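Subject: Structure handover

Hello,

Here is the structure for your files. My notes follow below it.

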Amino acid sequence: MDKRVATAAEALADVKDGSTVLVGGFGQVGHPMALIDGLIEHGAKDLTIVCNNAGIGTSGLPRLMKLGRVRKIVCSYPRTAAVFSELYAAGKLELEITPQGTLAERIRAGGAGIGGFYTRTGVGTLLAEGKETRDIGGVSYVLELPLKGDLALIEAWEADRWGNLIFRGSGQNFNPIMATAAEKTVVQVQKVHDLGTIEPTAVVTPSIFVDRIVEIPYAPPYQAISY
């Protein structure tokens, strides 16, 4: 069993228009830039992007948005990219704002098969409008529903050919939970090792959650960033 493919374009060849795509990373840390470029090259459109933020600068997610490929973005902090503000103000992009911890838990719930959860975050604010609320022990909570994707694009530091993944530093942010919450998970990885050379206890995401691996040794234009 070998999940390696030669290029990002090959790994994303069957992406469909209208897909919901989970994109890992926190800012540029753990962000699968090569896979996003492959998605741009593919040409899929009418996408819903789920991510922590809307990217930085003009490459990656900002470029995908500027090309008109994104219909909606679900994230906690979208204003990291100027192009988002331009498109949103022009009514060309939908936004579902979700607090960062709630976003992570919604994705985790999607991967774990949980039908929803109650949280105090957002109670009494615009974020709770139209959502079910419940009193539990004299405290108000709002019901949040799980988030799942047709595709997850994630970044890992090391892998074996089966798809067992190791993350480095803050690269272990949204990436592991997104791998569990998508119908198909494609991984950009810095180094693929021989079977049996990865310490089993170091594996964060087991291979059962991974469908395809693209080995991208870090060099310009893809700079490894880890905090």
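The expected span of a helix is taken as 1.5 Å times one less than its number of residues. The model is a predicted one, and the values below are computed from it.

Helix H5 covers residues 100–112, 13 residues in total, so it should span 18 Å. The C-alpha atoms at its ends are 18 Å apart, in agreement with that figure.

Which residues of H5 are buried? They are Thr102, Leu103, Arg106, Ile107, Ala109 and Gly110. Because these residues cover an arc of only 160 degrees around the axis, they lie on the same side of H5. An α-helix has 3.6 residues a turn, so residues three or four places apart point the same way.

Just after H5, Gly113 has a positive phi of about 75 degrees.

Thr119 has Val142 in E8 as its bridge partner.

E8 also pairs with strand E7 (residues 133–136), again in the antiparallel sense, through 4 bridges. Here Arg134 stands opposite Tyr141 of E8. The hairpin of E7 and E8 has 2 residues between the strands, and Gly137 in this hairpin takes a positive phi near 65 degrees.

Regards

Key:
Residues numbered from 1 in each chain as written. Predicted model: local features only at pLDDT ≥ 70, side-chain atom pairs only at ≥ 80, totals over all residues. Heavy atoms only, no water. Buried < 20%, exposed > 50% of the residue type's maximum accessible area, 1.4 Å probe, protein only. Arc of directions from axis to C-beta. Pairing = 2+ DSSP bridges.
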